[in-house]
Amino acid sequence: MKNILTLFAIALVLTSCGSKKDTNKVSRDFNIEILSVYNDEVKLKCIQGCAWNELSFTLSNYKPQGIDAYGMTDPINTLADLSDDLPDFKFTIAKTDNGLTLERIRDTGWNKLSFACYRECNKRIDYEGTED
């Protein structure tokens, strides 16, 4: 019985050591500006809550691109990076016939956002949604 309790205590300690981030204390403060959408190229600027400043990428064949606090990411992988204090948001961005659609993967207050966005866009995305 003593060995079982010791093993349980060791397992508990090891699982708590894997992350510096307390998900209850992680900031949800992120602010991203969609600068432009021209042809298939999208330009984003992170104002707050990211490890990146600007991103520019091509959305080909209307396939979604994953975006998180670290930049472009795999839209399929839903695992959070708990190694620092950056917000854990993750969403996809896809070009549509009418503009852009963003869909939540993790830690945003919205599930889906759609809006017209041509050439210069100047839309801001945060935890709550969009603002002009």
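Five strands, in the order E5-E4-E6-E7-E8, form an open sheet with antiparallel pairing. This is a predicted model, in which local features need pLDDT of at least 70 and side-chain atom pairs count only at pLDDT 80 or more, while totals for chains, interfaces and linings use all residues. Residues are numbered from 1 along each chain as its sequence is written, and side-chain values use heavy atoms, with hydrogens and water left out.

Q: Which strands stand at the edges of the sheet?
A: Strands of a sheet pair through backbone hydrogen bonds, either parallel or antiparallel. Here the edges are strand E5 (71–73) and E8; each has a single partner strand, so one side of each lacks a neighbour in the sheet. From one strand to the next, the twist averages 30°. Strands are DSSP runs of E with at least two residues, numbered from the N terminus, and two strands pair if DSSP finds at least two bridges between them. Axes for such angles are lines fitted to C-alpha atoms, and angles run from 0 to 180 degrees between N-to-C directions.

Q: Over how many bridges do E4 and E5 pair?
A: Strand E4 (residues 65–68) pairs with E5 over three bridges, in the antiparallel sense. Within E5, Thr73 is the residue opposite Gly66.

Q: How many disulfides does a search of the whole structure find?
A: A disulfide is a covalent bond between the sulfur atoms of two cysteines; the criterion is a pair of cysteine sulfur atoms within 2.5 Å. The search finds two. In one, the sulfur atoms of Cys46 and Cys50 are 2.2 Å apart; the torsion about this S-S bond is about 80°, so the disulfide is right-handed. Another joins Cys117 to Cys121, with an S to S distance of 1.8 Å. With the bonded cysteines of the chain numbered in sequence order, the pairing reads 1-2, 3-4.

Q: Are Cys46 and Cys50 buried or exposed?
A: Buried means under 20% relative accessible area, exposed over 50%, and partly exposed in between, with a 1.4 Å probe and protein chains only. Cys46 and Cys50 are both buried, and Cys117 and Cys121 are buried as well.

Q: Where is Asp107 placed, and which residues does Asp107 touch?
A: Asp107 lies in the loop between strand E7 (99–106) and strand E8 (112–115). Asp107 counts as buried because its relative accessibility is 16%. Not counting residues up to four places away in sequence, Asp107 touches Arg28, Phe30, Asp88, Phe89 and Tyr127 (contact means heavy atoms within 4.5 Å). The side chains of Asp107 and Arg28 are joined by a polar contact of 3.3 Å. A polar contact is a pair of N or O atoms within 3.5 Å; within protein, one must be able to donate a hydrogen and the other to accept it, and residues adjacent in sequence count only if both atoms are side-chain atoms.

Notes
Helix = DSSP H or I, 4+ residues; strand = E, 2+ residues; numbered from the N terminus.
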